[in-house]
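Please open the structure in your viewer and keep the selection tool at hand. The stops below are meant to be followed in order.

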Amino acid sequence: MLNYRWLFLSLLVSTSGFARVDFKTKQARVDSLMKLQKQAPAFAFDSFQRELEYEKQGLSLDKRAKKEANLLADQIRARVIDAYEAALKKYENPESAKEEIRSAIDKDLSLVAPALRDELSLLAHKTLDQVENGAVSESLDLVKVQESFKKDAISRSNFLNQEFGLDSHEAGNKLATPSNDSERKEYNNKQEVIESLVSDRESSRWVSSSNLTVRTAEITSTSSNVSMQLKVSFLGATINAGPSIRFKKTYSTNATIMADGMNPIFADGGNFDYHKRDSSGKILVKNGKQQKRYMFFTCDADLTFETDYEGSGGFSYMGLGGNASITKKFSNQVDIASRRIALPEYVANKSVTVKFISELCHNDFLVAKFNNSLTVQKSLDMMMKSVVAGLTFSHPKTKCAIDEHCYNWFNNEIISLVKIKNFPRCREENSREQFMSCQLRGLEGQNCPVYENGKRTSDGQWEYQCDTGLKCVKYQGQSFFLGRVWEYARGKCQVINKKTYRNPFDLANENREIEVELELAN
């Protein structure tokens with residue numbers, strides 16, 4: 001599930017045209033976006049910082065797309081050179097090292113978006129052929145890549161330039177509202193109830209005694225499939241050039257009503273029983289007044305999305321290294337719940353019924369506008385896109401039963417750059433299928449992910465879960481400057497008990513020597 005505060009991410013895709021917005025406002029929008037880095041580490045926040053610089057320079061959309069394409073080209077060149085240098089240390093022969101990298105390039109680029117594959121393949125192989133000359137950053141005309149990146153540039157530019165007007169929602173928020181408005185019992189119309197539900201003001205209190213809960217029947221609707229471009233794994237890193245994968249979206253809405261006491265909350269005709277009653281069912285009276293029970297309700301909506309993809313490759317979520325889960329299909333869910341408000345007795349001078357609450361949550365809540373541009377449904381859509389931004393389309397890992405089954409995978413299928421300070425292990429994936437697969441585990445001195453208070457504070461690049469007998473020790477804390485992350489936390493795998501720890505490569509070699517001796521003896 002995703003935190004409700006991620007709602008700001010839904011501003012990232014806009015359908016309006018350009019408008020005159022001053023640069024200070026654009027800067028403020030990017031600054032607000034950057035505050036979400038810790039909550040959404042997979043999102044491409046740096047691309048919005050670059051977009052702000054492009055705005056400052058007054059670059060056209062075509063020039064922006066070309067700059068983004070050249071950044072991708074530089075990233076591919078760097079990956080090819082790093083991988084080649086690691087392979088050269090292994091083989092000590094340039095041709096053997098190049099052959100390994102050629103194979104890895106063809107394998108990884110087979111999953112790149114078809115429209116981009118030829119250009120990126122030509123670039124990668126050209127870099128490898130000229131690798132002895134070192135890395136060279138040069139401007140290229142990657143026509144197909146630029147066409148793809150131009151769409152993203154339009155989206156980011158719209159985000160910076162969209163002019164927001166003061167609508168009825170914002171104007172309503174500027175009006176004085178009582179601090180206890182969540183306890184209102186009467187409303188002038190349905191819109192006032194909706195505005196109260198989606199308000200960011202404090203919710204009403206919780207029930208304070210024995211209580212009962214009633215949920216209306218869940219209503220589900222499936223929208224048309226949507227196609228989204230993913231990242232793709234390339235020589236151990238990720239690049240924004242993956243295929244477009246279709247996701248099926250399913251919305252569900254619910255209404256939840258709670259009340260003090262255990263007496264039924266429904267009266268005849270679908271009306272609510274708002275009164276406290278004694279053990280005989282009579283209404284309690286105090287000082288001549290009938291006593292009311294405390295009742296409240298909430299609306300919630302969720303969006304479940306999953307791939308209907310069939311073919312080679314799989315999905316990994318977040319980060320690099322052995323802790324990424326690989327699955328042939330990916331599904332997730334995001335949800336939004338309204339604040340709690342007291343169950344009203346009258347709306348537009350009419351008694352509130354179960355039917356009214358049900359229609360409110362199932363029909364009106366999804367399209368409710370909680371700021372001057374966002375509805376609940378649009379926010380769910382954009383939160384889904386922020387999750388998909390963390391997906392990487394990659395080759396499925398080899399299945400196994402024991403660690404030895406992963407040796408061939410490690411020696412023949414993993415490039416030299418990724419082998420450094422890692423050891424292959426057969427482990428159960430954290431997925432619903434619970435299948436066993438080959439994963440990389442960090443050895444002594446390997447970088448490892450640092451988690452503090454349930455959140456990762458390291459940057460996730462080239463970090464691996466520590467192997468058995470090792471623990472991740474933080475040696476550098478996360479630091480901030482002007483509200484932004486200045487330096488990420490750093491951790492390294494360290495031995496827990498040096499007296500008992502054995503390097504797994506040494507143990508594996510000993511086991512193989514014993515097996516050879518047994519075979520010779522037989």
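Select helix α2 (residues 45–57) and helix α6 (residues 143–161) in this predicted model. Their axes come within 10 Å and cross at roughly 70 degrees. Angles of 65 to 115 degrees count as roughly perpendicular, and α2 and α6 are therefore roughly perpendicular to each other. Now show the side chains at the crossing. On the α2 side, pick S47, F48, E51, L52 and E55. On the α6 side, the contact is made by A153, R156, S157, F159, L160 and N161. Colouring these residues by type gives 5 nonpolar, 3 polar and 3 charged.

Next, move to helix α8, residues 190–197, and select S196 within this helix. Is S196 buried or exposed? Its relative accessible area is 5%, and the cut-off for buried is under 20%, so S196 is buried. To see what surrounds S196, display D181, Y187, R339 and I341, which S196 touches when residues up to four places away in sequence are not counted.

The following stop is a sheet. Select strands β1, β15 and β16, which form an open sheet of 3 strands in the order β1-β15-β16 with mixed pairing. The edge strands are β1 (186–187) and β16 (350–351), and each of them pairs on one side only. Strand β15, residues 346–347, pairs with β16 in the antiparallel sense, over 2 bridges. To look at a bridge, select Y346 and its partner in β16, S351.

Go on to strand β7, residues 244–260, and centre the view on F247. How accessible is F247, and what does that make it? The relative accessibility of F247 is 0%, so this residue counts as buried.

Finally, clear the selection and show the whole chain. How many helices and strands does the chain contain? There are 13 helices and 25 strands. The chain has 522 residues, of which 44% count as buried. Among contacts with a separation of 6 or more, 72% come from residues 24 or more positions apart.

Definitions and conventions: Residues are numbered from 1 along each chain as its sequence is written. This is a predicted model: local features need pLDDT of at least 70, side-chain atom pairs count only at pLDDT 80 or more; totals for chains, interfaces and linings use all residues. Side-chain values use heavy atoms; hydrogens and water are left out. Helices (H or I, at least four residues) and strands (E, at least two) are DSSP runs, numbered from the N terminus. Buried means under 20% relative accessible area, exposed over 50%, partly exposed in between (1.4 Å probe, protein chains only). Contact means heavy atoms within 4.5 Å. Axes are lines fitted to C-alpha atoms, for helices over the stretch in contact, and angles run from 0 to 180 degrees between N-to-C directions. Angles under 35 degrees count as roughly parallel, over 145 as roughly antiparallel, 65 to 115 as roughly perpendicular and the rest as oblique. Ala, Val, Leu, Ile, Met, Phe, Trp, Tyr, Cys and Pro count as nonpolar, Asp, Glu, Lys and Arg as charged, and the others, Gly among them, as polar. Two strands pair if DSSP finds at least two bridges between them.
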